[in-house]
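The report below is meant to be read with the sequence and the coordinates at hand. It begins with the basis of the model, turns to the fold, and then takes up individual residues and ring pairs.

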Amino acid sequence: MFTFPLGDGAELRPLEPWKAEEFLAHMDRARDDVDPWIPFASRSTDLDSARATLQRYADLQAAGTGRIVGIWLDGTLVGGTMLFGVDAEAGNGEIGVWLEPAAQGRGLVTRACRAMLDWAFHERGLSRVQWVTRPDNVRSLAVAARLGMTREGVLRESYPYRGKRYDSEFWSMLAHEWRAA
């Protein structure tokens with residue numbers, strides 16, 4: 001996956017360590033909205049930490065256990081999607097996504113996730129991809145539903161964030177369900 005068009009001036013591209021400056025500028029625009037949901041938002045606050053975040057995903061990709069791609073809209077990085085926690089032997093992984101406010105409401109997240117799920121099932125050969133979000137993240141819940149994922153349940157107070165514990169809601173898609181859809 002080098003560049004994948006999403007339509008309407010948007011595309012997916014690899015998000016690699018050499019893009020740290022652009023990633024940091026994006027995180028500076030998105031941090032307040034993304035931080036409650038995506039842990040690396042609060043850790044990517046300067047060029048070195050932004051580069052370290054992207055290097056972590058480059059290392060995951062090299063090990064075959066993850067991947068991160070950015071969402072560019074009209075040439076500007078506005079979000080991304082990642083696959084992580086890949087266990088090739090078990091055929092499982094987890095998908096995540098984020099988008100800065102200026103790009104919301106255009107269907108970019110759903111289209112980016114469809115491309116990542118296609119890759120996870122067809123290229124990577126996974127059997128199951130999960131989606132984990134807090135129950136109060138209504139936008140994330142709506143994306144999981146639009147993708148046709150199945151709600152599996154809630155882990156109570158499993159997600160610590162800024163001194164408080166939140167529930168985590170689990171959704172999933174199976175390879176045979178994705179192919180049928």
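What follows describes the overall fold, the aromatic pairs and a few selected residues.

## Basis and overall fold

This is a predicted model, in which local features need pLDDT of at least 70 and side-chain atom pairs count only at pLDDT 80 or more, while totals for chains, interfaces and linings use all residues. Residues are numbered from 1 along each chain as its sequence is written, and side-chain values use heavy atoms, with hydrogens and water left out.

The protein has six helices and eight strands, where helices (H or I, at least four residues) and strands (E, at least two) are DSSP runs numbered from the N terminus. Read from the N terminus on, the order of the elements is β-β-α-α-α-β-β-β-α-β-α-β-β-α. The radius of gyration of the protein, taken over C-alpha atoms, is 15 Å, close to the 16 Å that the globule rule (2.2 Å times the number of residues to the power 0.38) gives for 181 residues, so the protein is as compact as a globular protein of that length. Along its principal axes, the C-alpha trace spans about 40 × 40 × 35 Å.

Of the 181 residues, 49% are buried; here buried means under 20% relative accessible area, exposed over 50%, and partly exposed in between, with a 1.4 Å probe and protein chains only. Among the contacts with a separation of 6 or more, 58% come from residues 24 or more positions apart, a contact being heavy atoms within 4.5 Å.

An unreviewed UniProt entry places the feature "domain: N-acetyltransferase" at residues 10–167; UniProt positions are given in the numbering used here, feature names are shortened, and annotations may be inferred rather than shown by experiment. Over residues 10–167 the chain is 39% helix and 34% strand, with the end C-alpha atoms 33 Å apart.

## Aromatic pairs and charges over rings

A pair of aromatic rings is described by the distance of the centres and the angle of the planes. The structure holds five aromatic pairs, counted for rings of Phe, Tyr and Trp (its six-membered ring) whose centres lie within 6.5 Å, with planes under 30 degrees apart called stacked, over 60 edge-to-face and the rest tilted. Two of these pairs are set out here.

| Pair | Centre distance | Plane angle | Class |
|---|---|---|---|
| Phe40 and Trp98 | 5.1 Å | 90 degrees | edge-to-face |
| Phe121 and Trp178 | 6.3 Å | 40 degrees | tilted |

The pair of Phe40, in helix α2 (residues 40–43), and Trp98, in strand β5 (residues 92–99), links distant parts of the chain, 58 residues apart, and both residues are buried. Phe121 in helix α4 and Trp178 in helix α6 (residues 175–180) likewise link distant parts of the chain, 57 residues apart; Phe121 is buried at 4% relative accessibility, and Trp178 is buried at 11%. Ring pairs also link Phe23, Phe40, Tyr57 and Trp98 into a cluster.

The charged end of Arg56 sits over the ring of Tyr57, 4.9 Å from its centre, and that of Arg134 sits over the ring of Tyr166, 3.7 Å from its centre.

## Selected residues

Which side chains are joined to Glu100 by polar contacts? A polar contact is a pair of N or O atoms within 3.5 Å; within protein, one must be able to donate a hydrogen and the other to accept it, and residues adjacent in sequence count only if both atoms are side-chain atoms. The side chain of Glu100 is joined to that of His26 at 2.6 Å and to that of Arg29 at 2.9 Å. Glu100 lies in the loop between β5 and α4 and counts as buried because its relative accessibility is 5%.

Thr133, in strand β6, is buried with a relative accessible area of 7%, and its side chain makes a polar contact of 3.1 Å with the side chain of Ser140. Not counting residues up to four places away in sequence, Thr133 touches Ser140, Leu141, Asp167, Ser168 and Glu169.

Gly80, in strand β4 (residues 76–87), is buried at 0% relative accessibility. Leaving aside neighbours within four places in sequence, Gly80 contacts Val69, Gly70, Ile71, Gly96, Val97 and Trp98.

Ser127, by contrast, is partly exposed at 42% relative accessibility, and is found in the loop between α4 (108–123) and β6 (128–133). Outside the four places on either side in sequence, Ser127 is in contact with Gly91, Phe121, Met173, Leu174 and Ala175.

Definitions and conventions
Lys NZ or Arg CZ within 6 Å of the ring centre and 35° of its normal.
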